[in-house]
Every structure is written in C-alpha cells, then in structure tokens.
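Trainee: I would like to go through the labels given to this model and see what each one rests on.

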Amino acid sequence: MTVVKNICCIGAGYVGGPTCAVLAYKCPDIKVTIVDLSEARIAAWNSDNLPIYEPGLDQVVFECRGKNLFFSTNVDAAIQEADLIFVSVNTPTKKTGMGAGMAADLAYVESATRRIAEVAKSSKIVVEKSTVPCRTAQSMRTILEANSTPEIHFDILSNPEFLAEGTAIKDLLNPDRVLIGALQTESGIEAQNALVDVYTHWVPKDRVITTNLWSSELSKLAANAMLAQRISSINALSAICEATGADVDEVAFACGKDTRLGSKFLKASVGFGGSCFQKDILNLVYLSQQLNLPEVADYWQQVVTMNEYQKKRFVRNIISTLFNTITNKKIAVLGFAFKKDTGDTRESAAITLIKDFMQENARVAIYDPKVEPQQIYMDLAEPGVLVGAQEQVEKKVQICQSAYEAADGADAVVIVTEWDEFRDDQLDYAKIYAGMNKPAFLYTKDTVTMDRIQQTSGAKSTQPTIPTTRITTKTAVRPTRASLARRDMVQKQKQQEQ
Ligand code: UDX
Ligand code: ADP
C-alpha cells in the first residue's frame, strides 16, 4: 500500500496555493512544498502579504509555513523529493491557432509534465488539478510513460478542484465532495487509494468519490457548465421580468422552493465572471465540436452568449436612463473583482462594462477594496498592450481610495461587485447621494440592496422611487408590502443557508 509522505504542488496560484495550504494544515504528517516559476509570487507567499486574498487563508498559511508547508522556486528539488505531485498550473483559453478563443492552452500543463518526466528519480503519482479538457490525462500519460523506466513508474490521477474563490478555505475544509479519477488498472487504483487516504485525514469517506479518469475530468467541466447555465437561465428570465413587471427575485424564490431545483445559483446578476465558467463552457463547446456534435456545441454556447447579452443589456439600460448619452458624464464603478471576497479580476463583468463606458467617452472612477490599481490598468488596456498600459488607461479612468471619492461629483454609481462594504449598513448612501451630480442615478442588479439603499439615502418607501430620490435603477420598483415581505423571506433563507 502506498502511503503519501511528501507532496509537491506545481503552481502557486488561486487553486494550488489555498488547496495545498489546507492540505498541509489538515495533514501535519505530510510535508507539502508549493513551487512556482514566478519568484515574485513565491516571495509573496513567504511574506506577511500573501499574493491572494481569500478569507481565512492567512491563518492557515501562517500556522503551517516553515513547519510542514514550504513555498519555493526550486521546482526540480520539490519534484524529486515528492511521492505525489499536484499539477496546478494555469490553463488559459488559447488566443491563437487551432481552437483559438475556445480550447484550453495546455502549454503550461505540458511543460510541467515534461519537467516531472525529466527530473524524477523515483516513481510518482501525478495528479491533474488544473481544470483541463476531457482526456488531457492521456497526453500527460503519454509524456510520462515515454520517460518511464523499469525503476521509475508514473501513475496519473484526476482530482479537480471545486472550490469557489472567496469561500476557498471554507470549501476546502468542508467540501461537498472530493473527486478522484484513476485508470482502472491495479497500480492506478492503488494510487487512487493513496490520495483517498490523504483526503480522509479530514473529509468523511462517503464524500470522497472515486471514478475512472475520464469521468472525473468531464465532471468538472459539467458541474461548472450546469452552474453557469442556471445563472444564464435566471438572467434570461430577468429580461422577461423587466419587460413584464414580474420581479426576478420573487421568481427565483418561487422556483428555488421546488426542491428539485433548489435555491442556490439563482441570483440574477450583471452576468457571471471568474476564471472558470466561461472557460470551461467554451472547452465543452470545443469538445462537442471535435466530437462532431454540433447541436450539443450550440446548446452550451448559448449559455455564454446569454451572459454576454446580460452585460450588454445592463450597459444599454444605464445609457438609456442617463438620457441616452454618457459622454463626459462621470460614472463611479464600485467593485472590480469578479465577485466579492476575492482580488481576482479574471473575466470580471466590470471589465466589459467599463470598456463600454470608455467607448462612450464617459469619465470612469473605480473603487475596489482588494484589486490593485496595476491590475485594473492591465485589464482595461487594449489587448496586447504590455508596456504603457497604465498611461493609456489613466487618461480615461480614475482609480479611487474609497467609494465616496469615486462617487464624488458622479452622475451615476454602478455597483458591479456586491462587496459587503457597499451594503447600506456599511456605506452612508445619504452621503454618497449628497456628493453626486443631480439628477443622480444608482444601478445595482441586487434588488434587495436597491430597496434598502433607496430607503437609507432619503427616499420615502411609500413614494414612487425615481422622481423622489433620483437614485434608482432601471428596474426600480417601489418597495410594496409584497416586496418587503419577499425581502424578509430572502433574508431568512440566506440566514438559514449560512
Ligand atoms: C466556480 C465554481 O462555483 C467552483 O465550484 C469551481 O471550482 C470554479 O468556478 P468561482 O468562479 O470561484 O467558482 O465563483 P462562483 O461563486 O461560482 O461565481 C462565479 C460567477 O457567477 C461570479 O461572477 C458570481 O457573481 C456569479 N453568480 C453566482 C451569479 O451571477 N449568480 C449566482 O447565483 C451565483
Ligand atoms: P489557477 O487559478 O488555475 O490557480 P493561476 O494563474 O492563479 O491559475 O496559477 C497558476 C500558477 O502556475 C502561476 O503562478 C504560474 O506561474 C505557475 N506555473 C505555470 N507553469 C509552471 C511550471 N511549468 N512550473 C511551475 N509553475 C508554473
């Protein structure tokens, strides 16, 4: 029976870092070394200022670092020492060549795999952790097997990560499930059992699912595609709600009460963002095309198309309420990360929205509590601009230190990321309103936030909202007795979920 004593994780990013930090925290008998090619990233992991913001991460890292958790740029040494290696490198969408814009770029996975094959001096279990298209393990296996010898044998496992950013530590400490796929050979199953033993240090055995390699790879894409599909479905319904007077929160609540549907992932939004959903669905679309299943490809493509439509629709609504022009108007954007409690901006809806505002020649002021200005400049620069991105973007946008600074003199405030600090009990909306250019408008997709802001900023709940407060959204509805009751229901439901 193989017992894992030494783990290496290649890639100290959003997945590898938190995952292996929690692993070290829960398995004090295992030495965990996280390596990365980026010296800056490793230096940050070894400092007081970790490169990733994730609630609870500091505590886990500070507790184990230097004991059984190490961060290093010495990739080769860590590979040689380890019995088990997680490959947790980036798999961005290909920008050029075959499958451009859809297929995952596997260059980083391949180069990490080749490195393992080159430097390993003993047998290893290699675990595919990055989200990869179905059957990537086959390519990894071919590379590793071409380099195996009678003394050195490689086993490949697929162990996709289901953590969501912002709740990564909570998700890792208490996962719904852990999925481990292996080739159904004797040594494949032995390797699978070895990884099961690592996880059962803290995860109940019935939550550790073992499958074949390909089921595991496809399950990750499938789970993300299905979650994103729910968001696109509710967002599509939000358009119908706006046209008919139905309230999308009420619709989501009523649908979510059907236990066959469930209440989660039914929150209408400006559109989903993040590094996974769009990328994984496009991977699925590409896979379907490759398998000559065009109807299946079109079906999943529509989830992404709907997401783009939702972002565009939000921008169109904003421009139309601002009297059909935003030229030279100041728009304050609150939040830039793709969701709250993370500094990650990959595929954030804020990027699309702000680029559209810039196209319309608006003056944009941005505030986000966790995203570094440098990141915002890079995200908003024209594609391919590596040098001078800051200067190019600085002409059009202002990055602010607070929500008040961003909103000062603004014609409109747009809440893009629902950070807790933008909630009405933490931000003084009367003060925001007072500093704004009149008539002042506020946009958020969250109708609960909207109802409350309208009240705290001075609106009387019994009066029609738009003319009285001038702080409104296109979808604004007067908080009626029914909507207040519904709000209470939603809040109660949230409390139950927590
Ligand atoms: C997702 C999956 O949840 C996770 O299991 C997988 O491992 C990686 O991809 P993540 O992208 O970190 O995680 O965040 P998630 O909470 O799923 O949110 C993704 C996007 O959907 C965000 O932009 C969020 O604001 C949006 N969203 C989520 C909605 O618009 N409505 C919802 O009801 C839920
Ligand atoms: P994810 O969200 O999947 O974790 P990230 O981009 O945050 O993606 O992290 C991936 C990390 O992998 C990056 O820090 C990158 O420098 C690192 N990386 C990529 N290729 C290699 C490699 N061959 N060896 C070591 N680290 C690598």
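Mentor: The model is predicted, and the questions below take its labels in turn.

Trainee: Why is strand β7 called mostly covered?

Mentor: A residue counts as buried if 20 or more other C-beta atoms lie within 10 Å of its own. In β7 (residues 178-182), 5 of 5 residues are buried, so the label follows from that cut-off.

Trainee: Which residues of β7 cover each face?

Mentor: Val-178, Ile-180 and Ala-182 lie on one side, Leu-179 and Gly-181 on the other, and all are buried.

Trainee: What makes β6 and β7 a pair?

Mentor: Pairing needs at least two bridges between the strands. Strand β6 (residues 154-158) and β7 have 2 bridges, in the antiparallel sense, so they count as paired. Ser-158 has Gly-181 of β7 as its bridge partner.

Trainee: In which sense do β7 and β8 pair, parallel or antiparallel?

Mentor: β7 and strand β8 (residues 208-212) pair in the parallel sense over 5 bridges. Leu-179 is partnered by Ile-209 in β8. With helix α8 (residues 186-199), β7 and β8 make a right-handed β-α-β unit.

Trainee: What makes β11 an edge strand of its sheet?

Mentor: The open sheet has 5 strands in the order β11-β10-β9-β12-β13, with parallel pairing. β11 (397-399) and β13 (441-443) each pair on one side only, which puts them at the edges. Strand β10 (residues 363-367) is joined to β11 by 3 bridges, and Val-364 stands opposite Val-397 in β11.

Trainee: How many residues of each class are in the shell around ligand 1?

Mentor: That shell has 11 nonpolar, 4 polar and 4 charged residues. Lys-267 and Phe-272 are among the closest.

Technical notes:
Residues numbered from 1 in each chain as written. Chains lettered and ligands numbered in written order. Predicted model: local features only at pLDDT ≥ 70, side-chain atom pairs only at ≥ 80, totals over all residues. Near = placed C-beta within 6 Å. Nonpolar A, V, L, I, M, F, W, Y, C, P; charged D, E, K, R; others polar. Helix = DSSP H or I, 4+ residues; strand = E, 2+ residues; numbered from the N terminus. Buried ≥ 20, exposed ≤ 12 C-beta atoms within 10 Å, placed from the backbone. Right-handed = clockwise from strand over helix to strand, strands pointing away.
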